[in-house]
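Please keep the sequence and the structure in view while reading.

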Amino acid sequence: MNLVTQFDNMIEAKIRLEREGGEWQLRETGAGATHTLLRIKGAQSLAFTLDKSGLDPFPFIKSNTVLSGMRSVCDAIAAVQVDDKPVIVAIEMKSSKSGEADAKKQLCRAKLFIDWLMSALTTNGHWGGGYEFCGVISLKPRSQERKGTTARTPLPSPIQHASGFKIFLLENHPTLDLVSLVNAMA
């Protein structure tokens with residue numbers, strides 16, 4: 001089985017992102033959010049969020065804990081399969097670059113969560129392959145319409161995080177193409 005099938009067998013429907021026209025719809029609905037939609041497309045994938053209104057992602061951790069960051073989750077996680085390459089993509093949406101440091105912490109937390117989840121799959125004999133992990137920080141795209149015909153903005157080169165994974169900082173990408181992302185990781 002591939003990675004997407006394993007996540008399909010494991011992830012509750014109520015936390016999966018909505019799909020519209022073959023694209024996952026990552027919506028930010030919090031008060032004050034200005035980057036409210038990122039469309040995700042382009043590969044066999046399953047995308048979900050633990051950051052959902054009314055959902056307690058960690059019911060075993062006190063809701064009022066004084067330990068900062070212990071209840072923080074990233075905006076979305078996608079299990080992706082491109083050809084024979086399994087990849088987990090953690091996505092954090094931010095309105096501006098001023099939130100970049102916090103976004104990197106969110107991606108590190110997501111990596112720890114995924115490491116645990118993948119270890120549990122492996123320990124229980126459900127997964128024997130490796131996988132790659134990367135993070136995406138999606139900044140609010142410009143609201144001005146494009147003038148004329150121009151090429152789509154290519155994905156930037158990823159930066160290497162100190163924790164050993166790549167992070168893509170997307171400054172004007174209203175749609176995340178997963179195939180392009182996986183190919184840019186090489």
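Leaving aside its neighbours within four places in sequence, with which residues is serine 138 in contact? The model to be examined in answering this is a predicted one. Serine 138 is in contact with His35, Leu38, Glu92, Met93, Lys94, Leu170 and His173, once neighbours within four places in sequence are set aside. The residue belongs to strand 7. Serine 138 has a relative accessible area of 0% and is therefore buried, since buried means under 20% relative accessible area.

Isoleucine 137 is also placed in strand 7. With a relative accessible area of 0%, isoleucine 137 is buried. Residues up to four places away in sequence are again not counted in describing what isoleucine 137 touches. Alanine 103 shows how sequence and space may be read together: it lies 34 residues from isoleucine 137 in sequence, and the two are 6.6 Å apart in space, C-alpha to C-alpha.

The next step is to consider the strands themselves. Strand 7 covers residues 132–139 and runs parallel to strand 9, residues 166–170, with five bridges joining the two. Within this pairing, valine 136 stands opposite phenylalanine 168 of strand 9. Strand 9 also pairs with strand 8, residues 159–160, in the antiparallel sense and over two bridges. Here isoleucine 159 is found opposite isoleucine 167 in strand 9. Strand 8 and strand 9 form a hairpin with five residues between the strands, and in this hairpin glycine 164 takes a positive phi near 95 degrees.

Aromatic rings provide another way through the model. How many aromatic pairs does a search of the whole structure find? The search finds four aromatic pairs. One of them is formed by phenylalanine 58 and phenylalanine 60, whose rings are 6.1 Å apart centre to centre with 75 degrees between the planes, an edge-to-face arrangement. Are the two partners buried or exposed? Phenylalanine 58 counts as buried because its relative accessibility is 14%, whereas phenylalanine 60, with a relative accessible area of 68%, is exposed.

Phenylalanine 133 and phenylalanine 165 form a further pair, with ring centres 5.1 Å apart and planes at 90 degrees, so this pair is edge-to-face. It links distant parts of the chain, for phenylalanine 133 lies in strand 7 and phenylalanine 165 in the loop between strand 8 and strand 9, 32 residues apart. Phenylalanine 133 has 8% relative accessibility and therefore counts as buried. Phenylalanine 165 is buried as well, at a relative accessible area of 2%.

Finally, the reader may turn to the helices. Two packed helices are described by the angle between their axes and the distance between the axes. Helix 1, residues 3–10, packs with helix 2, residues 100–123, at an angle of about 95 degrees, and their axes are 12 Å apart. Because angles of 65 to 115 degrees count as roughly perpendicular, helix 1 and helix 2 are roughly perpendicular to each other. At their contact, Leu3, Phe7 and Met10 of helix 1 meet Leu117, Met118 and Leu121 of helix 2. The residues of this contact comprise six nonpolar, no polar and no charged.

How values were computed: Residues numbered from 1 in each chain as written. Predicted model: local features only at pLDDT ≥ 70, side-chain atom pairs only at ≥ 80, totals over all residues. Heavy atoms only, no water. Pairing = 2+ DSSP bridges. Helix = DSSP H or I, 4+ residues; strand = E, 2+ residues; numbered from the N terminus. Axes fitted to C-alpha atoms, helices over the stretch in contact; angles between N-to-C directions. Parallel < 35°, antiparallel > 145°, perpendicular 65-115°, else oblique. Contact = heavy atoms within 4.5 Å. Nonpolar A, V, L, I, M, F, W, Y, C, P; charged D, E, K, R; others polar. Buried < 20%, exposed > 50% of the residue type's maximum accessible area, 1.4 Å probe, protein only. Phe/Tyr/Trp six-rings, centres within 6.5 Å; stacked < 30°, edge-to-face > 60°.
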